[in-house]
Amino acid sequence: MKILYFAWLKTKLQMTEETIPWSEECPDTDSLVRWMKTRGPTFAEVFSDLEVVRVAVNQEYITGNTALKNEDEVAFFPPVTGG
Amino acid sequence: MIRVQRDIFDIGKEIETLTNGRTDIGAVVSFTGLVRDFNDGTKVTGLSLEHYPGMTERELSKIEDDARERWNLQDCLIIHRYGDMALGEPIVLVITASPHRQDAFEAAHFLMDWLKTKAPFWKQEMNASGETNWVKERESDLKAAKRWNSDS
């Protein structure tokens with residue numbers, strides 16, 4: 001799976017993207033977020049308040065827990081501030 | 001039509017291109033968002049916009065489709081810039097064309113309110129001491145966007 005980070009998530013994690021192999025431990029977005037929190041103090045901080053983190057799968061906003069496949073693109077970003 | 005670009009745009013030229021040779025359009029409304037020198041009481045010296053290539057175009061196209069479904073639009077253009085911008089430069093342009101003014105006015109208002117809360121762009125402000133800050137979302141923008149939900 002391709003994981004993308006934008007705006008302050010990218011700044012804090014010092015990473016724009018990474019590839020994570022699909023595993024049975026993370027079959028959906030909820031479990032992926034839970035796993036992210038276990039990756040160290042910076043990840044735990046970034047994913048501590050999910051009110052300020054938006055999730056998109058294959059460039060579409062998701063509204064609830066969403067099943068994931070190995071070829072999926074998952075993006076994490078803050079509420080948008082364009083315009 | 002939608003365009004996501006780094007380059008600056010010319011508002012007059014865009015309106016001219018959209019209306020050139022047409023005699024069926026009765027009303028053209030445009031909105032331009034500019035880089036201003038203050039935000040929440042703090043002096044701003046420059047702006048940088050990050051976006052999500054691919055998703056940005058998809059979201060803007062969906063917003064345009066929504067507007068065309070709700071109002072009688074003969075044409076519609078959304079241009080949104082990304083990258084570094086100087087004070088006073090344009091960030092975003094929305095142009096709507098319709099036979100009568102009401103559709104063009106309302107659709108332009110809707111397009112701006114919806115793109116502000118849906119299109120994946122993130123503003124980063126620079127201040128006089130050289131610090132950069134990610135801009136936070138505004139409650140007033142969320143309220144403005146919600147207003148259009150009750151109409152549907």
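This is a predicted model: local features need pLDDT of at least 70, side-chain atom pairs count only at pLDDT 80 or more; totals for chains, interfaces and linings use all residues.

A: B:Ala107 has a relative accessibility of 0%, so B:Ala107 counts as buried. This residue is found in helix 3 of chain B.

Q: Which residues does B:Ala107 touch, leaving out those up to four places away in sequence?

A: With those neighbours left out, B:Ala107 touches B:Trp71, B:Leu73 and B:Thr96. Distance in sequence and distance in space are separate matters: B:Ala107 and B:Thr17 lie 90 residues apart in sequence and 19 Å apart in space, C-alpha to C-alpha.

Q: Is B:Ser98 buried or exposed?

A: B:Ser98 is buried, because its relative accessible area is 0% and the cut-off for burial is under 20%. It lies in strand 8 of chain B. Beyond four places in sequence, B:Ser98 is in contact with B:Ile25, B:Gly26, B:Ala27, B:Asn72, B:Leu73, B:Gln74, B:Asp103 and B:Ala104.

Q: What does B:Leu111 touch, not counting residues up to four places away in sequence?

A: B:Leu111 touches B:Ile63, B:Glu64, B:Ala67, B:Cys76, B:Ile78, B:Val94 and B:Thr96.

Q: At what angle do the axes of helix 2 and helix 3 of chain B cross?

A: The two axes come within 10 Å and cross at roughly 150 degrees. Angles over 145 degrees count as roughly antiparallel, and helix 2 and helix 3 of chain B are therefore roughly antiparallel to each other. The crossing is right-handed. Among the residues that make the contact are B:Leu60 and B:Ile63 of helix 2 of chain B, and B:Phe110 and B:Trp114 of helix 3 of chain B.

Q: How is a sheet read, and what is the strand order of the open sheet of 4 strands in chain B?

A: Strands of a sheet pair through backbone hydrogen bonds, either parallel or antiparallel. In chain B the order is 1-6-8-2, with mixed pairing. Strand 1 and strand 2 of chain B stand at the edges with a single partner strand each, so one side of each has no neighbour in the sheet. The twist averages 10 degrees from one strand to the next. Strand 6 and strand 8 of chain B run antiparallel and are joined by 6 bridges; B:Leu77 has B:Ile95 in strand 8 of chain B as its bridge partner. Helix 3 of chain B packs on the sheet, touching strand 2, strand 6 and strand 8 of chain B.

Q: Which strands are the edge strands of the open sheet in chain A?

A: That sheet has 5 strands in the order 2-1-5-3-4, with mixed pairing. Its edge strands are strand 2 (17-19) and strand 4 (60-61) of chain A, each pairing on one side only. Strand 1 (residues 2-5) and strand 2 of chain A run antiparallel and are joined by 3 bridges. A:Lys2 stands opposite A:Thr19 in strand 2 of chain A.

Notes: Residues are numbered from 1 along each chain as its sequence is written. Chains are lettered from A and ligands numbered from 1 in the order in which they are written. Side-chain values use heavy atoms; hydrogens and water are left out. Two strands pair if DSSP finds at least two bridges between them. Helices (H or I, at least four residues) and strands (E, at least two) are DSSP runs, numbered from the N terminus. Contact means heavy atoms within 4.5 Å. Axes are lines fitted to C-alpha atoms, for helices over the stretch in contact, and angles run from 0 to 180 degrees between N-to-C directions. Angles under 35 degrees count as roughly parallel, over 145 as roughly antiparallel, 65 to 115 as roughly perpendicular and the rest as oblique. A crossing is left-handed if the near helix is turned anticlockwise from the far one by less than a right angle, and right-handed if clockwise. Buried means under 20% relative accessible area, exposed over 50%, partly exposed in between (1.4 Å probe, protein chains only).
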